[in-house]
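Here are my notes on the two-chain model you sent. They run from the overall make-up to single residues.

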Amino acid sequence: MRCAFDHVQIPPGKFIPVAEKTGLVTRLGEWSLLQGALQARYLQEAGFPTKVAINVSRAQLVSPKFAKALHAALICANVPPELIELELTESLFMDISETVQKNLRDSIDTGITLSIDDFGTGYSCLANLKDIPASKLKLDRSFVTVLPEDERALAVVKAVTQLGRDLGMTVVAEGCENTQQREALLDAGVDAIQGFIYARPMPEQQLLA
Amino acid sequence: MNSEMIDSPAAPDPSPNVESLLEQTMLDIGIPPRPRILDSITEETRKPEPDYNRLASLINADVSLSAGLIKIANSPYFGMRQRVRSVNEALMVLGLNVASRAIAGIVLRQALPISPRMERFWDASARVARLSGWLAQQLRVAGLQPEDAYTFGLFRDCGIPILLTRFPNYDEVLGVANHNARHSFTTVEETVLPTNHAMVGCLLAQSWWLPDELCQAIRNHHDLAKLESAEPQLLVSNRLSAVAQFAEHLVQQHLGLSQTQEWTKLGPACLRLLDLEEQQLAELYSESLPVAKADD
């Protein structure tokens, strides 16, 4: 998600902490669930049934109302849940409480899929990884940007790819910026690649154009 | 509707905006999109000299919208004394802010499905909305604007028609929820549905860019813990919930409608939020009678 203000794009790293401080983050999160679901619906209507990924923060998942809001968003947008993917950030790993686990299970029950974002940094923890019913694991960009030179990073990429596969997830590498990186990633066996090598964040009209 | 209130429409505006003025078809999208006329009004309010004629011609392109707006401007319970005959006058008398709320309410009703069941629903909502606006004027509680109270009355339960179209058994759920004296309305809904009408309504209101307090109030209006919470940022939204709940209670009393259990569960908290004393209640009961019974 991006926030445009006076034609300047403000990255989520800047505005999410502000929202968290002002207590707006829950409803900002609910708003983004609905906007994401509506985008998916509009793209489908325009003849491009594409999976739309919506970022979900830890602050949202600790709310007991999260799954209700997700359901409400799917109802409001009348969108097939298969077209929605929730991206969980690694901060989720800090502690996976009963509420969070229930929210994740209830979310899966709607028919949407989960992916884990920025895996391998910060709080990412293998003990908790097995408890998150995600179908996609996204490897943090810090392992990708140092490729192909950094062989130790490559070793991590290979191992995590294998781990993800064995847990039944597809593994996606984030932050790929050039063809050498892409080749190294393909050699390591990742299932998909994301990054500015393909596209930068853009508004919907530009995407459809 | 009284036909004499409809002014002769101005020449149709040739701009392409008119066709998309009210995208009231729900298509297969679950909620109606925010009406573009609201964007046009917001645009004008930002100008030093708003172009009332432009807005009036946009509104006049839709007969039921212009008639509805004039009717509201003439409603004695919307606080206007002057007799209004045209959309332009209605905009002047109401002011753009109030007019845009009124239009949102009209469009919401147009955009959602029509059936005898829905007619009763909207009739009740409209009464609650008018009475909420009237109460907000009478009570003068800090932070409670009459136009917000009115809009809240109209939008409070807008999740219900949406859920009715999606869940065939939802009407039964409503019946059970209305008569449950122990559990909150939304808790009862959630025993059968994956979500509740307050959450759906809140999302609709957010996507229409209604003020934050209104969205928050829609989300929490059955939540006793929230209504009783001392969080200062919930005060205005809680007062909106309280005034509408009180209005609904009065409407049910005055019209001899079946009494739901909401007042039993939420009444004391609402009276506290509105700083109402027992002796004021009797007065308000009698004074509110004509407002509750009025048809527009």
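Predicted model: local features only at pLDDT ≥ 70, side-chain atom pairs only at ≥ 80, totals over all residues.

1. Chain B has 16 helices and 0 strands. Of its 296 residues, 46% count as buried. Among contacts in chain B with a separation of 6 or more, 67% come from residues 24 or more positions apart.

2. Chain A. Of the 209 residues of chain A, 36% count as buried. Residues 24 or more positions apart supply 64% of the chain A contacts with a separation of 6 or more.

3. The interface. Contacts between the chains involve 15 residues of chain A and 17 residues of chain B. On the chain A side, the elements giving two or more residues are H2 and helix H4 (66–77). The largest share, 8 residues, belongs to H4(A). By class, the chain A side splits into 8 nonpolar, 3 polar and 4 charged residues.

4. The nonpolar core. The largest one has 128 residues. Its residues with the most contacts inside it come from both chains: Ala37(A), Ala73(A) and Cys76(A), plus Leu69(B), Ala90(B) and Val243(B). Helix H4 (residues 87–111) of chain B gives the largest share of this core, 13 residues. In soluble globular proteins, nonpolar side chains tend to be buried together.

5. Around Ala37(A). Set aside neighbours within four places in sequence. What does Ala37(A) then contact? The partners are Ala73(A), Leu74(A), Ala77(A), Val79(A) and Ile84(A). Ala73(A) is also listed with Ala37(A) among the core residues with the most contacts.

6. Helix H11 of chain B. This helix spans residues 212–220 and is mostly covered, with 8 of its 9 residues buried.

7. The H5–H6 pair of chain B. Helix H5 (residues 116–139) packs on H6(B) at an angle of about 160 degrees, and the axes are 7 Å apart. Angles over 145 degrees count as roughly antiparallel, so H5(B) and H6(B) are roughly antiparallel to each other. The crossing is right-handed. Residues making the contact include Ser125(B), Ala129(B), Ser132(B), Gly133(B) and Ala136(B) of H5(B), with Ala149(B), Tyr150(B), Gly153(B) and Leu154(B) among those of H6(B). By class, the contact has 9 nonpolar, 5 polar and 2 charged residues.

8. Positive phi at Arg140(B). This residue lies in the loop between H5 and H6 of chain B. Its phi is about 50 degrees, a positive value, although Arg140(B) is not a glycine. Is Arg140(B) buried or exposed? Exposed: 8 other C-beta atoms lie within 10 Å, and 12 or fewer is the cut-off.

9. Positive phi at Asp118(A). Phi is near 55 degrees here, again positive in a residue other than glycine. Asp118(A) lies in strand E5 (residues 113–119) of chain A. Asp118(A) is buried, with 20 other C-beta atoms within 10 Å. The cut-off for buried is 20 or more.

10. A cis peptide. Leu147(A) and Pro148(A) are joined by a cis peptide bond, with omega about 0 degrees. Pro148(A) lies in the loop between helix H7 (141–144) and helix H8 (151–166) of chain A.

Terms used: Residues numbered from 1 in each chain as written. Chains lettered and ligands numbered in written order. Helix = DSSP H or I, 4+ residues; strand = E, 2+ residues; numbered from the N terminus. Axes fitted to C-alpha atoms, helices over the stretch in contact; angles between N-to-C directions. Parallel < 35°, antiparallel > 145°, perpendicular 65-115°, else oblique. Left-handed = near helix turned anticlockwise from the far one by under 90°. Contact = placed C-beta atoms within 7 Å. Nonpolar A, V, L, I, M, F, W, Y, C, P; charged D, E, K, R; others polar. Core = buried A, V, L, I, M, F, W, Y, C linked by C-beta atoms within 7 Å.
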